[in-house]
Amino acid sequence: MASKFGLGRGLADIQASMGEIPDISILTGGERVVIKQIPLVQIGANPDQPRKTFNADELNDLATSIKEKGVLQPILLRAVQNRPYNYEIVAGERRFRASKIAGLSEIPAVIKKLDDSDAMEIALIENVQRENLDPIEEAAAYKNLIDKCNYDISDVSRLIGKSESYIRNSIRLTDLPKSVQKMVSDGMISASHARTIAVADNPEQLAQEIVQNKMSVSDTASRVKNVKRAGKSRGFTNKTISANDIKKIESDIKKALKVTAKIIERRGGAGQIILKFNTRIEMNELVEKLTK
């Protein structure tokens, strides 16, 4: 596409050179993607958008660029029902917000059919790849994938391309009091400081000590050794069932019920058993076996 229309040209430029047309159709890979002009009033934000904070100066700069050059990259939307808007943003909320500031009435968008899990994945990947999430937003996004999409740590690790220990340590930040999380988001203490005090019983007090005494992460770790641990600090990392035992249980369930099973263990031994079926017939047979 770049070679045909020239580098640095926006969608508005392309439409101008091609004439007034409602949509632009692009063949990408084996899929034809249609870019539509969608009225801003028909679009709403995704409540599970990982990024919660938007820098006003950066938005104004982007709005100025949009006024001059238009929106250079379409946003990604999905159609929704029972909402006060027709489309929900999957990726591109900064462009959407800046377009409103710039006074646009519509924005170029690609509309895809996506379920909640797919939309959450794409939103997270886009933000993580662009490295514009603060540590608390990133941690909350990982936790959302686990809590709302039935992912486990290894699933998130493969999806994001980061180690399981990184994901696990990141999620620990969500256990911190809101006041401490705000200190991290505001840059008063680092994410490393926050992860260190997350296991303590008094993280708020420790966070204040870090700021007041300008403690290093090493100093903080030494301080944490001498304080009481939070009751749930070890429950998250310790698994009560080994990986081999989980595989055997999943295999036994599959033999008994004739469907694929997945066990997800969470804190303190809690968890889920997910049964997957491929057809309505399989579902009916499974329900019959489970309700006998």
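Visitor: Where does Lys258 lie?
Guide: Lys258 is in the loop between α13 (243-257) and β7 (260-265). Helices (H or I, at least four residues) and strands (E, at least two) are DSSP runs, numbered from the N terminus. This is a predicted model: local features need pLDDT of at least 70, side-chain atom pairs count only at pLDDT 80 or more, and totals for chains, interfaces and linings use all residues. Residues are numbered from 1 along each chain as its sequence is written, and side-chain values use heavy atoms, with hydrogens and water left out.

Visitor: Is Lys258 buried or exposed?
Guide: Exposed, because its relative accessible area is 61%. The cut-offs: buried is under 20% relative accessible area, exposed is over 50%, partly exposed is in between (1.4 Å probe, protein chains only).

Visitor: What about the phi of Lys258?
Guide: Positive, near 65°, in a residue other than glycine. Most residues other than glycine have a negative phi. Asn82 also has a positive phi, of about 60°, and is not a glycine.

Visitor: Where is Asn82 found?
Guide: In the loop between β4 (75-79) and β5 (87-91). Asn82 counts as exposed because its relative accessibility is 80%.

Visitor: And Asn46, buried or exposed?
Guide: Asn46 counts as buried, because its relative accessibility is 8%. Its place is the loop between β3 (43-44) and α3. Leaving out residues up to four places away in sequence, Asn46 touches Glu88 and Ile89. Contact means heavy atoms within 4.5 Å.

Visitor: On to α3. What should its span be?
Guide: 20 Å, because its 14 residues (56-69) are taken at 1.5 Å a residue. The expected span is 1.5 Å times one less than the number of residues. The end C-alpha atoms of α3 are 20 Å apart, which agrees.

Visitor: Which residues of α3 are buried?
Guide: Leu59, Leu62, Ala63 and Ile66. They fall within an arc of 105° seen down the axis, so they line one face of α3. The arc is that of the directions from the helix axis to the C-beta atoms. That buried set packs against α4 (93-101). On the other side of α3, Asp57, Asp61, Lys67 and Glu68 are exposed.

Visitor: What follows α3?
Guide: Gly70, with a positive phi near 80°.

Visitor: Now α9. Which residues are buried there?
Guide: Val180, Gln181, Met183 and Val184 in α9. They cover an arc of only 155° around the axis, which puts them on the same side of α9. The buried residues of α9 pack against α6, α10 and α11. Lys178 and Lys182 are exposed, on the face of α9 turned away from its buried side. Gly187 follows α9, and its phi is positive, near 80°.

Visitor: How many residues has the largest nonpolar core?
Guide: The largest has 19 residues, and Leu176, Ile189 and Ile197 have the most contacts inside it. At least two of its residues come from each of α6 (135-149), α9 (178-185), α10 (191-197) and α11 (203-213). A separate second core of 18 residues includes Leu62, Val71, Tyr87 and Ala109. By nonpolar core I mean a set of buried Ala, Val, Leu, Ile, Met, Phe, Trp, Tyr and Cys residues joined through side-chain atoms within 4.5 Å.

Visitor: What does Ile197 touch?
Guide: Not counting residues up to four places away in sequence, its contacts include Leu176, Val180, Ile189 and Leu206.

Visitor: Where does Arg172 sit, and what is in contact with it?
Guide: Arg172 is in the loop between α8 (164-171) and α9. Apart from neighbours within four places in sequence, Arg172 contacts Arg195, Ala198 and Val199.

Visitor: Which charged ends sit over rings?
Guide: The charged end of Arg97 sits over the ring of Phe54, 4.1 Å from its centre. The charged end of Lys162 sits over the ring of Tyr166, 4.9 Å from its centre. That requires NZ of Lys or CZ of Arg within 6 Å of the ring centre and within 35 degrees of the ring normal.

Visitor: Last one: how many helices and strands in the chain?
Guide: There are 14 helices and eight strands. Of the 292 residues in the chain, 40% are buried.
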